[in-house]
Amino acid sequence: MDQRIINLFDEYTHAPLTRKEFIERLVKLAGGTALAMSALAVLEPGYAQAATVSGQDDDLLLEDVTWNGADGVQMRGYLAHPKSKKKRGAVVVIHENRGLTPHIKDVTRRVAKAGYLVLGVDALSPLGGTPANEDEGRALIGKLDAQQNLRNYLSALAYLRQHPESNGKTGCVGFCWGGALANQLALNDPKLNAAVAYYGTQPKDADLSKIKAHLMLHYASLDERVNAGKDAYEAALKAASVKYEQYVYEGVNHAFNNDSSPARYNAEAADLAWGRTLKLFKDKLS
């Protein structure tokens, strides 16, 4: 697909443009309405086709849960863990800027399938929860109070640590908006053992020496927007003696891990990054 079209979709999902503006520009780039609609079909999510672990997996316990977040907010989440009873490491999954979508629930199940106690948090809980319409979800994300949102995710980590199956070790993995928040959780939770950020923007003007978690940073080489802060962040992590790993996947786009969006998904990079992520969790959370 024309890289200009992928860049336009990235602008739409992160600026965001209005749907009308996006379609108008897409039609011009694609050279007509029919071609634009064909491009849109492989840009926008297809959740059912992309699901990797069934929502009725026989080996997993899956449930919708609530807990007390910041400022009296009742948080909602999707809890997944193996049926076998044992103490295990716990992981918070942080969604993209559309909320707790079916894709992120699938990612939550994938981590659980690897043997962890996993919570996919719905950051939009204070605003009524994730809507079915993704444009509405993106709009609601922009209405969240950043500090309250951070405290809500810190409360999710505390919730997991108190779970009877938790071994007390915790990690997080986030994507895009969630990748940026994974960096923030590492900065603000000294008990966190591992934090994985997929194409997440970097914290600015922060005391990175507070980070105790082992960081893993996954970047897409074509993701100019996020990568603009990559080198300065790495230099600051080195200066602060933070343990980290940084990987740049060549020739792939932002959201390369999201297999529900075929135009940007890259199976080779996604598999490599996922293997590295699970290895970190095994090393730090077992």
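**Reading helix packing and ring pairs**

Mentor: Leu-26 touches Ile-5, Leu-8, Ala-36, Ala-39 and Leu-40, when residues up to four places away in sequence are left out, and a touch, or contact, means heavy atoms within 4.5 Å. The model is a predicted one, in which local features need pLDDT of at least 70 and side-chain atom pairs count only at pLDDT 80 or more, while totals for chains, interfaces and linings use all residues. Residues are numbered from 1 along each chain as its sequence is written, and side-chain values use heavy atoms, with hydrogens and water left out.

Trainee: Where does Leu-26 lie, and is Leu-26 buried or exposed?

Mentor: Helices are DSSP runs of H or I with at least four residues, strands are runs of E with at least two, and both are numbered from the N terminus. Leu-26 lies in helix α2. As for burial, a residue is buried under 20% relative accessible area, exposed over 50% and partly exposed in between, with a 1.4 Å probe and protein chains only. Leu-26 has a relative accessible area of 0%, so it counts as buried. Its C-alpha atom is separated by 8.6 Å from that of Ala-39, a residue 13 places away along the chain.

Trainee: How should I read the packing of two helices, and at what angle do the axes of α2 and α3 cross?

Mentor: Two packed helices are described by the angle between their axes and the distance between the axes. The axes are lines fitted to C-alpha atoms, for helices over the stretch in contact, and the angles run from 0 to 180 degrees between N-to-C directions. Here the axes of α2 (residues 19-30) and α3 (residues 33-43) come within 8 Å and cross at roughly 115°. That makes α2 roughly perpendicular to α3 (under 35 degrees is roughly parallel, over 145 roughly antiparallel, 65 to 115 roughly perpendicular, and the rest oblique). On the α2 side the contact is made by Arg-19, Phe-22, Ile-23, Leu-26, Val-27 and Ala-30, and on the α3 side by Thr-33, Leu-35, Ala-36, Met-37, Ala-39 and Leu-40. These residues divide into ten nonpolar, one polar and one charged, where Ala, Val, Leu, Ile, Met, Phe, Trp, Tyr, Cys and Pro count as nonpolar, Asp, Glu, Lys and Arg as charged, and the others, Gly among them, as polar.

Trainee: At what angle do the axes of α1 and α2 cross?

Mentor: The axes of α1 (residues 3-14) and α2 come within 10 Å and cross at roughly 175°. That makes α1 roughly antiparallel to α2. In this contact Arg-4, Ile-5, Leu-8, Phe-9, Glu-11 and Tyr-12 of α1 meet Arg-19, Phe-22, Arg-25, Leu-26, Leu-29 and Ala-30 of α2. The division is into eight nonpolar, no polar and four charged residues.

Trainee: Turning to aromatic rings, how many aromatic pairs does a search of the whole structure find?

Mentor: Rings of Phe, Tyr and Trp (its six-membered ring) pair if their centres lie within 6.5 Å, and planes under 30 degrees apart count as stacked, over 60 as edge-to-face and the rest as tilted. A search of the whole structure finds eleven aromatic pairs. In one of them, Tyr-198 with Tyr-199, the ring centres are 5.9 Å apart and the planes stand at 75°, so the pair is edge-to-face. In another, Tyr-249 with Phe-256, the centres are 5.1 Å apart and the planes stand at 50°, so that pair is tilted. Ring pairs link Phe-175, Tyr-198, Tyr-199, Tyr-249 and Phe-256 into a cluster.

Trainee: Is Tyr-249 buried or exposed, and which residues does Tyr-249 touch?

Mentor: Tyr-249, which has its place in strand β8, is buried, with a relative accessible area of 4%. Leaving out residues up to four places away in sequence, Tyr-249 touches His-218, Tyr-219, Ala-220, Ser-221, Phe-256, Ala-269, Leu-272, Ala-273 and Arg-276.

Trainee: What is the phi of Tyr-199, and what is the phi of Ser-241?

Mentor: Tyr-199 has a positive phi of about 35° although it is not a glycine, and Ser-241, likewise a residue other than glycine, has a positive phi near 60°. Tyr-199 is found in the loop between β6 (194-198) and β7 (214-220), and is buried at a relative accessible area of 1%. Ser-241 is found in the loop between α10 (230-239) and β8 (244-249), and counts as exposed at 63% relative accessibility.
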